Amino acid sequence: MADKPKMAVCWLGGCGGCDEALVDINEDILVLAAAFDVILWPVALDYKYHHVESLEDGEIALTLINGSVRNSEHEEVGRLLRKKSKLVVAFGACACFGGTPGMANLRGKEDIFQWVYRDAPTVVNPNRNIPEPITIAHGNQLTLPEFYEQVYPLGHVIDVDYYLPGCPPPPDRIRSMGRRVMSGDLPPKGATLAPTRALCDRCERNQTKPDRLVIEDVKRIHEVEADPGKCFLAQGVVCMGPATRAGCGESCININIPCRGCFGPVGGVDDMGAKYLSAFASLIKGKTEEERKKAVDGLEDPVGYFYRFTTASSLLRKKRDTSTKA
């Protein structure tokens, strides 16, 4: 065991689906176990953080960190693993871009606490308490992680070597990453371990797209019986394929669900939502302003569509930062 390179897997602010994705590589997990000495995987193995603290700096060959950074514990654990690791991979959409938890950045900390601990209809909190980092009760001190004002992608808090997106990353991408790490065949630091082209370029439905794509009426996928052989956008259903990096295996498309964008933007795009919004607006058709407005109004929750996985890494975050400082 001692002669094998060490590997760590850690879950910060996320749902745990990325940990399950590792199990989904099936028997290849035995290959992983044969190649690495897994010294931390809290969801599967009983190793503690003090075991990591006792290691030499850089002693862990590979660390996969999933989830976003929402509180002080996430940041502390992320920094510890960065210090002890040669390679850190942001594993999954939440670590890469903030993921769906990042949509909480549209609200402030006080708003979130007000709803979760006081106003939500199922809450029973007669004293209207909210979590505090330090609480003194009966002479004893209770400490909790500090809840931050916003959600951060992992790369905004620590130095990240590679990014493997997806909600969660698909098994083939995980296997490919493992092979590249074990062989040393890695791209330049900071690269995303997925193709650079857009999902739309690989989608078979792209062949059914008309020369001039227009949308007169925006529909939600549950409102229609979508033709499984036809481009979603040509049916008026929002699909993020044109703005999303390929490499997911088209698992959603294959079950007649439009792309939600969990693989993040294609290379060179800083704000996936803004880029897609610009393209989508050019597709809206209507002879009059009223007709165009009707089509746009059919798009409920545009932020939820266009920034579902990337709010925390988008220009919206920078605007919010600016507003806060002002």
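Student: Where is the place of Ser85, in which strand?

Tutor: Keep in mind that we're looking at a predicted model. Ser85 belongs to strand S5, which covers residues 85-91. With a relative accessible area of 7%, Ser85 is buried, because buried means under 20%. If you skip the neighbours within four places in sequence, Ser85 is in contact with Gly58, Ile60 and Thr63.

Leu81 is among the residues with the most contacts inside the largest nonpolar core, which has 56 residues. Leu154, Leu233, Val238, Tyr276, Phe280 and Phe306 are on that list too. Several elements each supply at least two residues of this core, including our strand S5, strand S3 (60-66) and helix H4 (72-84). The top contributor is H5, which gives four residues.

Pick Val238 from that list and see what it touches. Not counting residues up to four places away in sequence, Val238 touches Val218, Lys219, Leu233, Pro258, Tyr276, Phe280, Leu299, Tyr305 and Phe306. Apart from this core there's another one, of 23 residues, and among them are Ala61, Val89, Met177 and Ala191.

Let's turn to the rings. The whole structure has six aromatic pairs. Take Phe113 and Tyr117: their ring centres are 5.5 Å apart and their planes stand at 90 degrees, so this pair is edge-to-face. Both residues lie in helix H6 (residues 109-119), four residues apart, which is about one turn of the helix. Phe113 counts as buried because its relative accessibility is 6%, and the cut-off is under 20%. Tyr117, at 32%, is partly exposed, because that value falls between 20% and 50%. Now compare that with Tyr276 and Phe306, whose aromatic pair is tilted, with 5.4 Å centre to centre and 50 degrees between the planes. This pair links distant parts of the chain: Tyr276 is in helix H10 and Phe306 in helix H12, 30 residues apart. Tyr276 and Phe306 are both buried. And back at Phe113 and Tyr117, ring pairs join these two with Phe147 into a cluster.

Note on methods. Residues numbered from 1 in each chain as written. Predicted model: local features only at pLDDT ≥ 70, side-chain atom pairs only at ≥ 80, totals over all residues. Heavy atoms only, no water. Buried < 20%, exposed > 50% of the residue type's maximum accessible area, 1.4 Å probe, protein only. Contact = heavy atoms within 4.5 Å. Core = buried A, V, L, I, M, F, W, Y, C linked by side-chain atoms within 4.5 Å. Phe/Tyr/Trp six-rings, centres within 6.5 Å; stacked < 30°, edge-to-face > 60°.
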